[in-house]
Every structure is written in structure tokens, then in C-alpha cells.
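User: I am learning to read structure labels. Can we take a few and check each against its cut-off?

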Amino acid sequence: GDGLLSYAQPSQTASASASRPAAARTLTSTTTGSTNYGQTPSSRQTMAAVVTALAASAFAIQNASAATADACTVQMEANSCQGENVEEQREGEWDDFMARSIRPGEDDDDDEEDDEDEDEDDEIDEELADEESGEDESSSAPPVFDATALHTWLHDQMIASDAYDAKEILDAFLSEMDGGLKPDSNSSLAMIPSYVEANATLPPDASVAVIDAGGTNLRICLVRTDANGQLLIDDRLKLYNDSIPGKDSAISSAEFYNVLVDKLAPHGDQFDRIGFCFSYPATISKDDDGNIDGKLEHWTKEIQIPDMVHTYVGKGLLEALRERGIDNKKVVVLNDTVACLLAGISKGQEMNASSYIGFILGTGTNTAYVQTNAAITKMGGDSSGGIDPTASQVINVESGGFSAFQRSPIDVE
């Protein structure tokens, strides 16, 4: 599974907010509402917070390199000691073998011959021992691990953190973020709009169906909110937690949706909305009915459901529910990194957070943040594009695709 981190930046003075982000918080559920709260930070401050999280990963890699060098030294010394023990063991085994090779019941003449042979063997062993004792003692010493040479090699291969200029890379990342928000951009960052607002409170006394289609597991449950809008997850309402269908063998889209509907249908009267966390490449759009849907571009992670490719996931689910007589449901399909960001809202409200960052570091990595609509010019950036320019929404950066830097020879190869 992927590591999930929801980043909440507390409200601070303008001079301090960009330089001292708060500690991260982690939660695991999603939903949205419509009530505004807090202040919206500048897009530049929020973008800077995104790259700050990525920079922390670079420092972790550098520390890991040093730890690896130390570990290699210890391992080489251990291997050397192990080699000496193995040699001693082999000598002992040879002596045992020779002892077992003496055959009982031979006559005295044979015993005398054996004694003579043993004397000759002893003389040979003594000569060999004398020769070995005269060898240079340094030849048996374990090789010395050169941590400096290793670091030099890592640096030359451009896989050491200090082989790069951090400010140069962070500036390039910000530039790619800006470019990805514009139409017809060749930015390496997709900057996918989610159509989901983050400045909202959870509605009280509500129930939402939640589906999490991850790379390995599929989870389905009902999530409730209490009178204060706090999340409640009853173990009795955890409807499914098993391997995702289509992982081990190819299936049809109908079979996939049937698994979902089989679990949701008995509780169809307990929810009106469905939050569908979909961890696969999808283009997000909003339809005339207010549903936020995702069109599957292609499967990853070895999923085999070919007839779902290039179809809308939310629409397929709603149609499968209607076939079971369950209608009038709304669905929101969202990326897992966007869901990670939304997971921090319930705690972020308690600390009066002004904005949020979702960061995933697992099998892959990705980042999401909150962007004002006016800056998303590829969506129109104004009311002519069907969005409120004064509002904001979560952007799925797809930061794992960042390539505006010189790759290492190993990466190229």
C-alpha cells in the first residue's frame, strides 16, 4: 500500500506562513461540502509548500546514502569473520573425516603402515604450517571499505543528493507547476483539476458510501458524521476489504461493478452520495448532473479489465446500481492523492489550517495542493470556463512525472 500524508498549514502571519509550515497529520476518509472557512493563502505560498515536502525526501535520501555506507562496512567485516569461521570449520570436518576413514579390524602390519602414513601427514602439515606462518599478515586482513570512494562514485553517477542544486530544481518544479496550469502546455507536470473544493465543512448527521480502489485492495464502507460533522466509521459498516477484482485474472467491467453493487445494494437507503477513490490514471470532468467522474486512460498495477479503458468509472457504477433498482445517487471520482489531502480537513479545521497538501510516498509518489481557479487558465480561469474564478479546487500535480532536470546516467540507461 501507499504511504499517505495529509499536510495542514496553520494560519500565520504573512511573513511566517511560507517559511514555517506545520507538522503533518494523517487520516483516511473523504467527503466535501460547501461552507467556506479560514483564509486562502497565495498560490505561490501553497506551491512552495509542495516543493518543501519534496525537498525533505531529498535530504532523507542523502542520510540513507551515509547509512548505507556504514552498513556496507559492517557487512564486509562480518563477511570476513564469517570466512575465517568457515575455514576453521572445514579443517575440523577434514580431521573428522580422516578419523572416520580408519577401518577397524585390520592386522597389526596394516596398523603400523597407517602409523607411518600418519607420521608423514603430520610432517607435511608442519611444513605447511611453517610456510603459512611466514606469509605477510596483511594478506589475510579484511579489505578496508572506502566510504569516500563510494560517495564519489554516487556523485559522478548523479545519484547523490549533493550532485544537484536544490534551489535550481525547486525553481524548475515551480515553473513546471505554473506551466501545467496553462492550456497547450508541454510541462512535465499534468496539474489535473479535480473539481473538488477543499474549503468546506463536513455536513452533520450524514452518511456517505466510500469506495477505495487501490493497487492491491478494494475497500467499501459507509461513513457517517455526527451532529458536529465529525467522522464515524462503524466496524459493522465495513462492507468489503479484499483483493481488487481483475488482479489475478482478466474479468469484464460488468463483473467488476457487480462486486461493488453486491455490497452497496443492501444499504442503498442509507446513502445518497458515493465517494470513489480511484488510484489509476483518469481524466476528471464534471457532468450536467453535478457528478464528478473519471475517464480511465489505461490500467496500471497489473489490473486486467480491458473493456473499462476509456470509459467513465462513476457512470458505469451508477448504471450498475440502477439495474438493481437503486437510483438518484451522486458520485465523486477522485485520485488517491486528492483523497489524501481531503483526509486532513477534519483535523485541519481543529487547528484552523489555511490550506492543505496531500503527499504520497509509496510504490510511487504524488502531490496535491489547493489552487485558486483564476490561475487555472486551461479551464478558462474565469466564469466563461464554467468555474468561479474566486473559488479554489484541489489540483492533482502528478509530481512523479517531473523531468525538468538533468537525469543521471543510470536513469538514462
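User: What makes Cys221 count as buried or exposed?

Analyst: A note to begin: this model is predicted. The relative accessibility of Cys221 is 15%. Buried means under 20%. The value falls under that cut-off, so Cys221 counts as buried.

User: Which label does Cys340 get, buried or exposed?

Analyst: Cys340 has a relative accessible area of 5%. The cut-off for buried is under 20%. Cys340 is therefore buried.

User: How many disulfides does the structure hold?

Analyst: The count is zero.

User: Why is Thr283 called partly exposed?

Analyst: Its relative accessibility is 42%. Buried is under 20% and exposed is over 50%. The value for Thr283 lies in between, so the label is partly exposed.

User: Where is Thr283, and what does Thr283 touch?

Analyst: Thr283 sits in strand E9, residues 282-286. Leaving out residues up to four places away in sequence, Thr283 touches Asp293, Gly294, Lys295 and Glu297. With Leu296, the C-alpha to C-alpha distance is 6.7 Å, at a sequence separation of 13 residues.

User: What makes the pairing of the Thr283 and Glu297 side chains a polar contact?

Analyst: The two side chains are 2.5 Å apart at this contact. The cut-off is 3.5 Å between N or O atoms, one able to donate a hydrogen and the other to accept it. The distance falls within that cut-off, and the pair is a polar contact.

User: How do you know that the span of helix H6 is close to the expected one?

Analyst: H6 covers residues 253-264, twelve in number. From first C-alpha to last, H6 reaches 17 Å. The expected value is 16 Å, at 1.5 Å a residue. The two values are close.

User: Which residues of H6 are buried, and why are they said to be on the same side?

Analyst: The buried ones are Ser253, Phe256, Tyr257, Leu260, Val261 and Leu264. They span an arc of only 125° around the axis, so they lie on the same side of H6. An α-helix has 3.6 residues a turn, so residues three or four places apart point the same way.

User: What covers these buried residues of H6?

Analyst: The cover includes strands E4, E5, E7 and E8, together with helix H7.

Note on methods: Residues are numbered from 1 along each chain as its sequence is written. This is a predicted model: local features need pLDDT of at least 70, side-chain atom pairs count only at pLDDT 80 or more; totals for chains, interfaces and linings use all residues. Side-chain values use heavy atoms; hydrogens and water are left out. A disulfide is a pair of cysteine sulfur atoms within 2.5 Å. Buried means under 20% relative accessible area, exposed over 50%, partly exposed in between (1.4 Å probe, protein chains only). Helices (H or I, at least four residues) and strands (E, at least two) are DSSP runs, numbered from the N terminus. The expected span of a helix is 1.5 Å times one less than its number of residues. The arc is that of the directions from the helix axis to the C-beta atoms. Contact means heavy atoms within 4.5 Å.
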